[in-house]
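I opened my notebook to go through one structure, strand by strand and contact by contact. Here is what I looked up, in the order I got to it.

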Amino acid sequence: MDTGNDPTQLLGASTRASSVAMALPAGSRVEGPAAVRRARPRGPTWSRLVRAVTHGVGHACLPNVHGYRPLPRRAIYTPPCNQPPPHLSLSLIHTFRTNVGSSEKNNPARNTHPTDPSICPTQQEKPFSSGSLVDRRAMAPATAETAAVAVAAAGRVKTALGVAACERDAEKLELIEELTKGFDAVQEKMLAAILARNNGAEYLRRHGMEGRTDRDAFKARVPVVTYEDLRPEIERIANGDRSNIISSHPITEFLTSSGTSAGERKLMPTVEDELDRRQMLYSLLIPVINLYVPGLDKGKGLYFLFIKSETKTPGGLPARPVLTSYYKSDQFKHRPYEPYLVYTSPTAAILCTDSFQSMYSQMLCGLLARTEVLRVGAVFASGLLRAIRFLQLHWKELARDIEMGTLSAKIVEPSIRDAVAEVLKPDPELAAFVAAECAKDDWEGIITRMWPNTKYLDVIVTGAMAQYIPTLKFYSGGLPMACTMYASSECYFGLNLRPMCDPSEVTYTIMPNMGYFELMPHDPEAPPLSRDDPPPRLVDLADAEVGKEYELVITTYAGLCRYRVGDILHVAGFHNAAPEFRFVRRKNVLLSIDSDKTDEAELQAAVERAARLLEPYGATIVEYTSEADATTIPGHYVVYWELMLKDRRDGLWPEAAVFEKCCLEMEEALNSVYRQGRNGDAIGPLEIRVVRGGTFEEVMDYAISRGASINQYKAPRCVSFGPIIELLNSRVLSKHFSPACPKYGPYKK
């Protein structure tokens with residue numbers, strides 16, 4: 001997925017338990033180890049927090065922390081992708097234990113953010129001065145031995161995964177080792193805990209699971225389901241039924257998935273204490289990234305963060321994307337200061353629903369802090385590219401604001417104007433620099449030119465987002481791209497233990513305490529199962545086979561039981577007993593630019609709807625295919641049509657305006673996620689390219705020349721293979737774009 005979850009990935013803010021937030025009030029500064037010792041929380045140990053989160057019990061504290069001073073080096077150590085960073089062996093100091101019979105009441109943690117975890121407070125130091133990218137790369141440790149010496153001198157802690165930045169980081173890294181070594185045992189306890197907690201739910205009783213918590217009974221009695229199977233239960237909850245339908249705990253809101261059902265966003269139920277389990281995963285991210293990128297507490301993060309529209313269900317429950325839910329929460333708006341989680345974007349700008357005002361103010365503040373920025377990111381790669389395109393279009397106005405120290409009159413939101421006024425002062429020198437760089441014809445490396453101390457890009461570039469990798473490399477000068485976490489609206493799954501590896505090598509290690517997981521073997525050539533077919537045989541994650549593909553199936557505290565997520569994963573290996581997966585794709589998805597996901601059935605229906613506009617001209621669509629064009633910013637759908645006139649003597653070739661109407665008609669037929677993206681400038685206008693007659697026969701001939709069977713050949717409904725796209729583009733007769741945005745409103749079909 002779409003970590004993403006929506007997501008589901010990883011942008012930045014605090015994710016610690018409420019006790020830590022209470023110890024560090026908003027705006028406080030931590031001044032050295034002594035201050036840290038005074039502020040450290042009291043209470044249960046980290047292992048107890050794990051036990052509490054595993055069983056849905058939220059009242060717990062993080063362990064004691066100690067101040068430390070990270071390496072002064074501003075370099076990135078990038079070992080081979082199949083090796084951890086330099087380290088010496090260290091025996092584990094904890095034993096993971098759980099008690100599924102816990103009966104403590106739930107008290108969900110606060111201050112949770114789906115991206116950066118809680119971190120080790122450090123001595124407060126001023127951000128380092130700017131330095132060239134070449135200098136920073138040259139400072140990377142040449143060998144494991146030199147790195148180990150530097151680490152020892154800095155007083156960092158050695159763990160099995162690598163050299164931790166501090167003691168608290170070390171505990172979290174060792175927790176990863178504990179969880180992954182006892183993977184299947186933790187999974188079995190997780191399932192028992194979920195079933196015990198939801199024992200009174202109507203759904204489990206219906207399938208004979210009342211009072212049962214064993215794995216064998218669960219697999220024998222509870223069916224594997226899709227969203228359509230659960231739609232009746234979800235609609236009952238959405239319409240106001242507050243009985244224990246799928247969960248014994250109240251459903252507090254719906255997280256809207258980027259996937260769709262019947263053209264509308266799927267509604268994923270969640271419970272209040274789900275934040276505890278998610279913050280458990282968030283809290284592991286920075287300790288892992290610190291293994292590879294030291295010194296992130298010495299500067300700021302430039303993250304382009306936005307909220308999306310939300311609504312309420314007929315029963316009054318909020319329905320919104322997971323990140324929107326968090327950004328609008330008190331936990332985010334009143335989060336305490338943390339040195340690793342300092343961002344250039346004002347909270348008021350993030351919370352502004354006007355995309356122009358939000359982007360403009362975030363970009364302006366990012367430019368003002370250009371030498372302090374250490375990482376640049378967005379949820380998806382497409383979002384970061386939209387920010388670059390925004391800079392290309394508006395740099396003159398931004399430079400004028402910087403020079404004069406006044407904010408554009410286009411920014412009318414009072415809270416944004418107040419927030420920007422705190423940092424915006426006249427700076428003619430910076431304005432001249434921005435203008436000089438942006439006026440150049442060559443935008444290669446613009447990210448490192450504008451923000452010279454950037455160490456990496458924090459964006460999702462797996463799955464459909466991989467199409468943006470070449471463009472990101474161009475604009476960033478080849479900076480590493482960190483994909484840190486695998487998550488979705490349904491559940492958060494795991495993290496990348498080698499976040500600085502090449503995007504093509506990204507794998508995610510599933511954490512067994514996030515839910516109960518199973519795998520459905522996936523054969524792309526097999527026909528879809530019908531309701532009359534026997535239920536599929538699922539595989540426990542511990543029994544996954546390296547090299548095979550599976551569809552992920554989840555069971556959660558919120559009441560999803562044996563739910564097919566739709567993600568296709570390839571087993572790349574194991575970390576201890578935990579499988580490491582490479583995200584392959586969303587099942588049945590043809591086209592995706594941002595968070596949209598369009599499958600073959602939706603595309604076919606859209607083409608058929610648009611084809612009706614050609615009937616008065618005696619024209620029909622002989623064949624079609626499509627591609628997601630990521631060479632433009634924003635990206636857009638391209639549909640190739642080969643037409644035929646029924647009566648060549650009397651037929652009149654449609655005018656350009658007719659094809660433009662066809663483009664808009666297709667967009668009106670696509671799902672609400674696509675239409676929202678179009679209205680929010682995340683997706684460009686749909687394009688129809690009319691190709692000359694016989695083009696698709698040439699495509700077939702090419703496929704057959706490469707080994708395709710002429711008896712089994714079908715025209716692909718989506719193409720990504722370079723030679724095929726080149727062939728199609730060489731046969732284009734005309735190009736046409738949608739003249740307007742399609743209508744969009746929440747839950748509007």
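**Ground rules.** I call a residue buried under 20% relative accessible area, exposed over 50%, and partly exposed in between, using a 1.4 Å probe and protein chains only. This is a predicted model, so a local feature needs pLDDT of at least 70 and side-chain atom pairs count only at pLDDT 80 or more, while totals for chains, interfaces and linings use all residues. Residues are numbered from 1 along each chain as its sequence is written, and side-chain values use heavy atoms, with hydrogens and water left out.

**Entry: salt bridges.** I started with the charged pairs. Side chains of opposite charge can pair when their charged atoms come close. My rule for a salt bridge is a side-chain nitrogen of Lys or Arg within 4 Å of a carboxyl oxygen of Asp or Glu. How many salt bridges does this rule give? The count comes to 36.

I looked up Glu202 and found its salt bridge with Arg236, where the closest N and O atoms are 2.9 Å apart. Glu202 belongs to helix H8 (residues 202-206) and Arg236 to helix H10 (residues 227-238), so this pair ties together parts that are 34 residues apart in sequence. For helices I take DSSP runs of H or I with at least four residues, for strands runs of E with at least two, both numbered from the N terminus. Glu202 is partly exposed at 22% relative accessibility, and Arg236 is partly exposed at 30%.

Next I checked Asp214, which forms a salt bridge with Arg212 at 3.1 Å between the closest N and O atoms. Arg212 is partly exposed, with a relative accessible area of 30%, and Asp214 is partly exposed at 29%.

Then I went to Lys743 and Glu668, whose side chains meet in a salt bridge at 3.9 Å, N to O. Lys743 sits in the segment after strand S24 (732-737) and Glu668 in helix H23 (residues 656-669), so the pair ties together parts 75 residues apart in sequence.

Entry: I turned to an open sheet of eight strands with antiparallel pairing, in the order S11-S12-S13-S18-S17-S16-S14-S15. Strand S11 (485-487) and strand S15 (539-540) stand at the edges with a single partner strand each, so one side of each has no neighbour in the sheet. Two strands pair, in my notes, if DSSP finds at least two bridges between them.

How well covered is S17? It is mostly covered, with 10 of its 13 residues buried. On one pairing, strand S16 (residues 549-555) runs antiparallel to S17 and is joined to it by five bridges; there Ile554 has Tyr563 of S17 as its bridge partner. On another, S17 pairs with strand S18 (residues 578-586) in the antiparallel sense over eight bridges, and Ile568 stands opposite Arg585 in S18. The S17 and S18 hairpin has two residues between the strands, and Asn576 takes a positive phi near 55° there.

**Entry: Phe574.** I picked this residue out of S17, which spans residues 563-575. Phe574 is partly exposed, with a relative accessible area of 32%. Which residues does Phe574 contact, leaving aside its neighbours within four places in sequence? They are Leu541, Ala542, Ala544, Val546, Pro579 and Glu580, a contact being heavy atoms within 4.5 Å. I also took the C-alpha separation of Phe574 and Glu545, which are 29 residues apart along the chain, and got 9.7 Å.

Entry: Most residues other than glycine have a negative phi, and most peptide bonds are trans. I listed some departures. Arg562 is not a glycine, yet has a positive phi of about 50°; Arg562 sits in the loop between S16 and S17 and is buried at 5% relative accessibility. Asp681 has a positive phi of about 65°, lies in the loop between helix H24 (672-679) and strand S23 (687-691), and is partly exposed at 48%. The peptide bond from Ile633 to Pro634 is cis, with omega near -5°, and Pro634 is in the loop between strand S21 (619-629) and strand S22 (636-645).
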